Amino acid sequence: LLLITIFSNLTNNFLCGTISGNDGGNSHQTVSINNDKHVVNIDSNNGWNSWNSIWDYGNGYIATRILSKKACIIAKINKNVMPDAVELPQLIKEKKVRKRGKGPPPVELQFTVSKTTVSDLAPYGKSVESMCKGIPTYVAREARGEYRLN
């Protein structure tokens with residue numbers, strides 16, 4: 001199993017507005033919230049470093065499609081860390097008026113990603129299934145405790 005930091009700072013990244021792009025320019029992020037379905041879509045357009053993420057609160061999963069890797073990673077939503085979909089508009093407004101560097105530091109989570117691909121996406125819900133269909137998809141589990149890469 002491979003230990004990586006993924007989904008960490010997703011909340012902070014999309015809430016912070018303009019981010020430096022991979023060519024020295026700016027990247028662009030779009031956040032779409034469907035309160036009826038309890039699903040959030042985040043698109044980060046940054047050239048080769050672009051990614052899409054779906055937070056499906058109804059099914060309890062996050063899926064992130066990393067375009068440069070042509071892969072999708074699925075993890076359970078940690079409700080103790082991730083803000084609820086209904087809270088996101090207010091958090092975005094608060095983040096825009098605050099100066100960067102103020103406020104509590106973002107929470108980082110580390111995940112262990114399985115090397116085995118997911119053969120059936122249906123248990124993760126239709127939103128995750130439609131995002132990850134046709135590309136290698138892996139499950140990430142939140143790592144507990146202290147881990148070191150040697």
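# Close-up views of the predicted model

K70 has a relative accessible area of 61% and is exposed. Exposed stands for over 50% relative accessible area, buried for under 20% and partly exposed for values in between, with a 1.4 Å probe and protein chains only. The model is predicted: local features need pLDDT of at least 70, side-chain atom pairs count only at pLDDT 80 or more, and totals for chains, interfaces and linings use all residues. Residues are numbered from 1 along each chain as its sequence is written, and side-chain values use heavy atoms, with hydrogens and water left out.

Figure 1. K70 sits in the loop between β6 and β7. Strands are DSSP runs of E with at least two residues, helices are runs of H or I with at least four, and both are numbered from the N terminus. The hairpin has four residues between its strands, and K70 takes a positive phi near 50 degrees there. Most residues other than glycine have a negative phi. β6 and β7 pair in the antiparallel sense over six bridges, where pairing requires that DSSP finds at least two bridges between two strands.

**Figure 2. The hairpin of β5 and β6.** Strands β5 and β6 are also antiparallel, with six bridges between them. N52 stands opposite R65 of β6. Four residues separate the two strands of this hairpin, and G60 in the turn has a positive phi of about 85 degrees. S53 belongs to strand β5, which covers residues 51-56. S53 is buried, at 1% relative accessibility. The S53 side chain reaches the backbone oxygen of A63 at 3.2 Å. This is a polar contact, that is, a pair of N or O atoms within 3.5 Å; within protein, one must be able to donate a hydrogen and the other to accept it, and residues adjacent in sequence count only if both atoms are side-chain atoms.

**Figure 3. The disulfide between C72 and C132.** The structure holds one disulfide, a term for a pair of cysteine sulfur atoms within 2.5 Å. Here C72 is joined to C132, with an S to S distance of 1.9 Å. C72 lies in strand β7 (residues 71-76) and C132 in helix α3 (residues 126-132), so the bond ties together parts that are 60 residues apart in sequence. C72 is buried, with a relative accessible area of 0%. C132 is likewise buried, at 0% relative accessibility.

**Figure 4. The largest nonpolar core and the surroundings of I74.** The largest nonpolar core has 13 residues, and I54, A63, I74, Y124, V128, M131 and C132 are those with the most contacts inside it. Such a core is a set of buried Ala, Val, Leu, Ile, Met, Phe, Trp, Tyr and Cys residues joined through side-chain atoms within 4.5 Å. β6 (61-66), β7 and α3 each supply at least two residues of this core. The most comes from α3, with three residues. Neighbours within four places in sequence aside, I74 is in contact (heavy atoms within 4.5 Å) with residues including Y61, I62, A63, L121, Y124, V128 and C132. T137, Y138, V139 and A140 are also among the contacts of I74. A second, separate core has 10 residues, among them W55, I77, A85 and L88.

Figure 5. H38 is not a glycine, but its phi is positive, at about 60 degrees. With 23% relative accessibility, H38 counts as partly exposed.

**Figure 6. K115 and T137.** K115 is part of strand β8, residues 111-117. K115 is exposed, at 68% relative accessible area. K115 and T137 are 22 residues apart in sequence, and their C-alpha to C-alpha distance is 9.5 Å.

**Figure 7. The whole chain, for orientation.** The protein chain comes to three helices and nine strands. From the N terminus on, the elements run β-α-β-β-β-β-β-β-α-β-α-β. Of its 150 residues, 40% count as buried. Among contacts between residues at least 6 apart in sequence, 55% join residues at least 24 apart. The accessible surface comes to about 9400 Å², of which 48% belongs to carbon and sulfur atoms. Accessible areas come from the Shrake-Rupley method with a 1.4 Å probe; for residues, only the protein chains shown count as cover.
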